[in-house]
Amino acid sequence: MRISGGKARGIPLKVSKKGDVRPAIETTRERLFSSIFQSVENATVLDLFAGSGAYGLESLSRGAKQATLVEKNRLVFNDLKTNLAAVLKSANLKGEAGRLVNRDVLDFVKEPSTQNYDIIFIDPPYIEIEKLGPRLFELLLRNHCLSKDGFIVLETPGELKMEFPGWTVTRVVGKEKRGSPVHRIYSPAHPLPGQ
């Protein structure tokens, strides 16, 4: 598994076999970033359930201004530190471009956001998506986590179509069929307060 594009292209990402991580497939990730590339340049990114850091680190490699990566598992988090350091070095980025948070995702988003993100990546364990999704999207909307034109990218199994109150699916990247991961892009259904 490696970074698929940008300044750190080809950099391998460490993925612990003991951390129960399901890495974002490289070809699927490449398809997504080809679809959203115009939004990534200079973006502020939040990567929830970061795992190996594939989404946040790929964003940095492709020109994002800053990425915050949230991962609860301590073993996985240690690998994430290694991966961030490698990408920052390869892409010639300063340390403040990447921020790592070792915390439960729901606890992290429960607090009112002090920063608005342009892109939020969500790639939870598939078995937890239906349980976590509604609460997570509710908190992200309530705490105004997105910038004016920001959006959320949710990776799910292709056959799982999820809708959340206050959100609209604006695009689907990938084929909606069993066994094939897809990315659904969500935007607030109504303008956020003050926007």
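## Contacts of Ile36

Leaving out residues up to four places away in sequence, Ile36 touches Ile119, Phe121, Phe151, Arg171 and Ile185; contact means heavy atoms within 4.5 Å. This is a predicted model, in which local features need pLDDT of at least 70, side-chain atom pairs count only at pLDDT 80 or more, and totals for chains, interfaces and linings use all residues. Residues are numbered from 1 along each chain as its sequence is written, and side-chain values use heavy atoms, without hydrogens and water.

## Nonpolar cores

The largest nonpolar core has 31 residues, and Leu32, Ile36, Leu57, Leu60, Ile119 and Phe121 touch the most other members. Such a core is a set of buried (under 20% relative accessible area, 1.4 Å probe, protein chains only) Ala, Val, Leu, Ile, Met, Phe, Trp, Tyr and Cys residues joined through side-chain atoms within 4.5 Å. At least two residues each come from α1 (26–40), α2 (54–61), β2 (66–70), α3 (74–90), β4 (117–122) and β5; helices (H or I, at least four residues) and strands (E, at least two) are DSSP runs, numbered from the N terminus. The most, 5 residues, come from α3.

A second, separate core has 27 residues, among them Val109, Tyr117, Leu132 and Ile152.

## Aromatic pairs

The whole structure holds 6 aromatic pairs. In Phe164 and Tyr186, the ring centres are 5.5 Å apart and the planes stand at 50°, so this pair is tilted. Rings of Phe, Tyr and Trp (its six-membered ring) pair if their centres lie within 6.5 Å; planes under 30 degrees apart count as stacked, over 60 as edge-to-face and the rest as tilted.

Phe164 sits in the loop between β5 (146–157) and β6 (167–173), and Tyr186 in strand β7 (residues 181–188), so the pair ties together parts 22 residues apart in sequence. Both Phe164 and Tyr186 are buried. Ring pairs also join Phe137, Phe164, Trp167 and Tyr186 into a cluster.

Terms used:
Buried means under 20% relative accessible area, exposed over 50%, partly exposed in between (1.4 Å probe, protein chains only).
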